[in-house]
Amino acid sequence: MIYQIPYIAVVALILIGLYAIIFRRNLIKMVIGITLIESGVNLFLITLAFQKDSTAPIYHGSETGLTMSLPVPHALTLTSIVIGVAVTALMLTLVIHIYKHYQTLDARKIGMEGDEE
Amino acid sequence: MSLRNSVAVIFFLLIAIFFVFSAFITHPFGEFNNENSPEMDQYIIDNTQNETGADNGVTSVVFDYRGFDTLGEATVLFTAVAGVIILFRRLKK
Amino acid sequence: MNGELDLIAEMLKHSPALIVAIPLLGAFLTPLIGKINDKIRNAFAVFIVALTSFFVFLLANDILSNGSIHTYVFGGGPALTEGGFAVRILFEVDGMNAFMAIIASILALAGVIYSWAFMKENTGLDKYYTLILLMIAGMFGMILTGDMFNFFVFLEIASISACALIAFRTNQGKAVDAGFKYIVISAIGALLILFAIALLYSQYNALNMAVLAREIQLTFLDKIALALLIAGLAMKAGIVPMHMWLPDAYGRAPASVTILLVGATQASLYGALRMTSTLYGKNIIAVLKHVDFDLFGQSVVFDITLNGVLGFIILLLAILTIFIGVLMALKETNFKRMIAFAAIAEIGYMILAIGSAFLAVASIDTVTSSAILSQPGYMALKGGIFHILNDALDIGLLFLVAGAIYYATKETSLNKLGGLARNMKYTTIFFLIGLFAVAGMPPLNGFASKILIYESTYQVNPILSIIAILCSILLLAVFVKVFHSAFLGPKQEKFDNVKEAPKSMLIAMGIIACLIIFIGLFPEYVLNNIVTPAADALVNFGNYIHEVDSNYVISLIGGF
Amino acid sequence: MSGMSRIVKTVTNITFPLVLIYGLYVIAHGHLTPGGGFQGGAVVASGLAMILVAYGSVWTMKKINEKHLSALESLGALGFIGLAFLGLIFGTWFFNNYLVGNEILFGEIGRGAANIYTAGVIPLMNFAVGLKVIAGLFAIVLVMAYATRLKEGK
């Protein structure tokens with residue numbers, strides 16, 4: 001049980017994020033929810049990298065036989081963080097535009113006007 | 001409660017059950033045994049200095065073993081920049 | 001002569017990488033080239049896509065005619081390291097990948113050519129072409145990759161660039177809103193997929209699809225991962241409970257972007273197909289639960305199998321998707337949104353066939369590791385895959401026609417359009433072709449695949465087939481109504497000066513229309529040469545794994 | 001907006017070079033120590049964002065606008081994919097680390113080499129990605145700040 005605590009933290013982060021997306025109507029809060037899910041998944045990847053008594057996977061010379069944490073999940077996390085930045089930037093850009101058009105951030109009130117064009 | 005809300009609640013609970021279950025049956029934190037021994041990562045740890053010359057195992061994964069992912073990642077950032085600039089462009093010529 | 005052969009062999013060897021790398025290179029170059037001249041930039045984009053298509057056809061020709069599978073190891077070296085795990089990223093291209101790549105290249109080519117005239121009045125075109133090329137690269141990456149995490153990365157490239165392009169008309173609030181909806185849905189979907197990938201990685205310490213397919217045990221975590229993968233990809237494919245982004249996104253994006261969005265949606269669908277049939281192929285008939293109980297004195301014994309559950313869920317979703325798509329299309333008055341609902345219905349047809357195929361899996365041949373399907377099941381699979389191609393062409397053509405009408409009249413509401421057939425002859429002809437193709441009228445391509453789907457689903461359950469046929473007829477009614485109100489009808493004064501669409505748009509529409517007619521006239525040819533290898537690639541999932549493993553053997557002898 | 005107070009501007013002037021040096025260090029030693037192109041690029045971009053905050057987006061936009069940044073980013077991306085393509089030409093495979101083992105540039109390999117001339121194309125790719133990330137992240141922040149600036153009189 002004690003060894004599952006990191007995963008429980010991961011799941012808590014993801015569920016809080018999902019809750020924010022599904023039940024909150026403020027667009028900024030939805031964006032925050034998505035970044036929360038993202039950090040949950042990133043945390044999951046990082047926890048997968050850990051081995052007991054391990055060091056960072058970086059050599060300082062020619063030492064051998066060290067237990068090192070796994071490098072691949074680190075690389076995956078790096079990639080997924082950058083992707084997260086990109087997604088967040090784009091979402092915030094769209095939120096700014098939505099606010100300019102509708103003067104509100106309430107998801108219920110946007111996109112309701114007639115078909116003008 | 002409206003229909004939309006109850007659908008949302010059901011969806012949320014379903015996903016929540018999936019995630020909570022997965023938290024309890026993932027292998028214990030930091031412990032590896034024969035069944036899930038990290039062969040691929042051990043290979044990288046063992047060979048990063050000899051094959052790529054990089055002391056930093058993570059960098060050797062990022063730029064050598066999984067370099068194509070990094071190209072994709074750089075592309076994602078490029079895409080985001082292009083997207084942000086295109087969305088804030090001047091609309092009139 | 002020998003030198004030429006070598007060159008072609010070299011190009012063939014590297015084409016899986018080049019298909020993705022060339023659009024990426026083009027995308028990175030476009031902002032610099034855009035500084036020179038607009039025309040040069042447009043021509044450059046067309047050239048890049050044409051070059052990519054050339055490599056696609058080179059590769060697809062080899063794969064579809066020889067039945068071979070190409071793998072490409074990024075960074076070189078053997079596909080599998082000693083011990084049987086893939087350290088490097090692999091691209092693995094079999095019949096199914098080649099088939100999807102052909103579709104994507106047709107759509108990309110049409111979209112870029114169409115953009116030339118369609119977008120010329122807008123600002124920010126440097127970035128527009130950059131994003132178009134990035135989206136094409138993302139699409140091809142999703143289709144060709146053999147690595148789970150790489151799939152996720154390309155999925156994100158495709159969806160981020162798509163989102164920016166959907167919101168391209170930032171002066172319309174609804175376009176921005178549609179873009180936001182799309183990015184939220186696709187971000188959630190992608191994160192579900194990433195979580196599933198992490199779950200798989202945590203158990204097998206592998207990210208390569210072939211290696212995972214070899215190792216997978218169908219533990220409880222694997223089942224969760226499968227559910228998350230399907231949920232994430234279904235969100236991106238616009239299958240019903242999560243379809244609400246699709247009409248907005250398709251309807252608000254510029255038409256040249258919508259046609260690429262069709263491709264991206266289908267790439268997600270392909271992903272779901274690949275995950276279920278190849279990744280979990282070994283376990284597809286695994287028994288989830290053995291049921292044994294007494295019912296009025298008679299003992300009832302049956303097994304709930306994975307393919308049964310999957311097939312049942314998919315069929316349920318398929319019927320819902322077709323139904324809701326058609327019903328919403330009936331009451332919609334915006335031209336492009338209406339086509340978008342028709343597109344949802346068409347996705348329903350595809351997964352209807354695929355669900356029937358899942359139900360029809362009888363056993364697994366352990367020697368060749370291929371699934372053994374009943375005859376109607378195999379036919380359904382072929383029909384579903386064929387329909388992916390036909391849907392891309394038909395829906396794509398309709399969207400391009402809608403774009404041409406918008407370009408000429410600046411109007412998308414059906415209530416305000418009318419009498420366009422007088423001034424836009426070619427567009428009208430193209431619309432008629434698209435209309436009959438979508439509705440599945442002979443002799444066009446939609447008929448060829450839909451008849452396969454009807455026939456095969458009839459043997460699974462007649463009701464399914466009847467619903468499918470009825471919805472198809474309703475779809476025809478919808479589009480005939482559109483044709484009547486937009487193209488025929490009284491001449492309207494405000495449309496007196498409407499001109500025919502510019503040449504580049506006509507060329508793009510013409511390419512697709514010709515393909516529709518060609519497939520409609522020679523369905524057998526396409527079915528035997530393109531669709532059947534793709535279906536076989538899915539059925540004989542063992543080849544996908546074996547290709548990587550046999551490379552491993554060769555590398556020990558010294559093949560590399 | 002014409003930026004923040006003189007104190008903030010002065011502190012920014014003093015700390016920015018430090019941030020810049022640190023970021024470049026992280027980029028250059030990406031293959032030896034924790035970090036790499038992305039991380040170092042993010043450090044430098046945060047330094048630039050500090051300038052943006054201190055001096056205001058209008059001032060910054062006059063000095064360098066998003067077109068320059070976009071071109072710089074393209075150059076970084078081209079450098080990266082160019083190195084990958086060179087792998088196709090020199091090393092026969094896309095993304096091949098063709099510089100490993102050569103004697104001119106970054107070619108040293110083996111255990112305990114532990115100096116900066118190791119790892120083949122990895123340091124070069126680090127630089128390309130670093131340039132890309134600096135330009136890209138700063139472009140995002142700059143464009144968003146400029147678009148949401150307060151207009152005169154509001």
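Biologist: Where do the numbers come from?

Modeller: This is a predicted model, in which local features need pLDDT of at least 70, side-chain atom pairs count only at pLDDT 80 or more, and totals for chains, interfaces and linings use all residues. Residues are numbered from 1 along each chain as its sequence is written, chains are lettered from A and ligands numbered from 1 in the order in which they are written, and side-chain values use heavy atoms, with hydrogens and water left out.

Biologist: What makes B:D64 and C:R88 a salt bridge?

Modeller: The rule asks for a side-chain nitrogen of Lys or Arg within 4 Å of a carboxyl oxygen of Asp or Glu. The side chains of B:D64 and C:R88 meet at 3.0 Å, N to O, so the pair meets the rule. Between chain C and chain B the count is 2 salt bridges. There are also 6 residue pairs in polar contact across that interface, both residues at pLDDT 80 or more. A polar contact is a pair of N or O atoms within 3.5 Å; within protein, one must be able to donate a hydrogen and the other to accept it, and residues adjacent in sequence count only if both atoms are side-chain atoms.

Biologist: How do you know how much area is buried between chain C and chain B?

Modeller: Buried area is the accessible area (1.4 Å probe) that two parts lose on being put together, summed over both. For chain C and chain B that comes to about 4100 Å², with carbon and sulfur atoms giving 74%. On the chain C side, C:V87, C:T123 and C:N205 supply 14% of the buried area, more than any other three residues. By contact, meaning heavy atoms within 4.5 Å, 52 residues of chain C and 42 residues of chain B take part.

Biologist: Why is a space called a cavity or a pocket?

Modeller: On a 1 Å grid over the protein atoms alone, a cavity is a set of points where a 1.4 Å probe fits but cannot get out, whereas a pocket is an open set with protein on both sides within 12 Å along at least five of seven lines. Lining residues have an atom within 4 Å of a point. The structure holds 9 cavities of 30 Å³ or more. About 170 Å³ lies in the largest cavity, and among its 14 lining residues the closest to the centre are C:S277, C:F358, C:V361, C:L381 and C:L538.

Biologist: Which classes of residue line the largest cavity?

Modeller: Its lining has 12 nonpolar, 2 polar and no charged residues. Ala, Val, Leu, Ile, Met, Phe, Trp, Tyr, Cys and Pro count as nonpolar, Asp, Glu, Lys and Arg as charged, and the others, Gly among them, as polar.

Biologist: What lines the second largest pocket?

Modeller: That pocket holds about 1200 Å³ of space. It has 37 lining residues, and B:I85, B:F88, B:R89, B:R90 and D:E66 are the closest to its centre. By class, the lining has 13 nonpolar, 8 polar and 16 charged residues.

Conventions:
Grid points are joined across faces, edges and corners, and a volume is the space filled by probe spheres set on the points.
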